[in-house]
Amino acid sequence: MLDKTQKFNLIINNIMRIAKSASTRNEKLTKICQSLKEHVPYYDWVGFYIADESEKELTLGPFAGEPTEHIKIPFGKGVCGQAVAKKETVVVQDVSSETNYLSCSPMVRSEMVVPIIKNDKVMGELDIDSHTHAPFTDEDKKFLEDVINIVTQLL
Ligand code: SME
C-alpha cells in the first residue's frame with residue numbers, strides 16, 4: 001500500500017507527463033482534473049475556473065465530476081470568489097458552517113480552492129469539492145499548490 005506522500009508523488013509525475021504531452025491546453029487541464037479525481041478518493045469534483053480580472057469574474061473551465069450550475073462567479077462570492085479576492089488558498093472543512101458559500105450539490109461537505117497567480121495576476125483557480133467532512137490536511141494544500149505550479153506554466 002502506498003502512503004499519501006508516495007501517492008501524491010505519483011500523481012505529480014503523472015501531471016507533469018500530461019503537461020508535457022502534445023494535447024491542447026484544455027485537454028491537458030481536463031486530464032489533470034480527471035487524474036486528481038480518479039486517484040484521490042475524497043476529491044469528488046475537481047475543476048478549473050478561469051479569471052477575467054477586468055470583469056472581476058470567474059468562468060468555469062475544464063472539470064471532472066457532475067455538471068455545476070455555477071458557470072460564472074463574481075470575485076468575492078462563494079468559496080471560489082474568496083480565493084481569488086484574497087489571492088490565497090481557502091480551505092473549508094465544513095461547508096455547512098460557511099456563510100459565503102455557493103452550493104453545487106447537497107452531497108458536498110468540504111471544499112478547497114487554490115488560486116493560480118502568474119506575475120501577480122490572478123489567472124484562475126483549482127476547485128476541489130469533497131463528500132467527506134474535513135478531509136484536507138497540510139499535505140493536500142502543499143500537493144495542490146505543487147499541481148498549480150505545474151498548471152501555471154500552461155497558462
Ligand atoms: N462551492 C463553490 C461554487 C463552485 S462549485 O463548488 C463547483 C463556491 O462556494 O464558490
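Leaving aside neighbours within four places in sequence, which residues is I150 in contact with? They are I12, I15, M16 and A19, where contact means heavy atoms within 4.5 Å.

Okay, quick housekeeping. This is a predicted model, so local features need pLDDT of at least 70 and side-chain atom pairs count only at pLDDT 80 or more, while totals for chains, interfaces and linings use all residues. Numbering starts from 1 along each chain as its sequence is written, and side-chain values use heavy atoms, with hydrogens and water left out.

Back to I150. You'll find I150 in helix 4, residues 138-152; helices are DSSP runs of H or I with at least four residues, strands are E runs of at least two, and both are numbered from the N terminus. I150 counts as buried because its relative accessibility is 13%, and buried means under 20% relative accessible area, exposed over 50%, partly exposed in between, with a 1.4 Å probe and protein chains only. S21 sits 129 residues away along the chain from I150, and their C-alpha atoms are separated by 13 Å.

Now zoom out. The protein has four helices and six strands, and the order along the sequence is α-α-β-β-β-α-β-β-β-α. Of the contacts with a separation of 6 or more, 52% join residues 24 or more positions apart. Buried residues are 46% of the 155.
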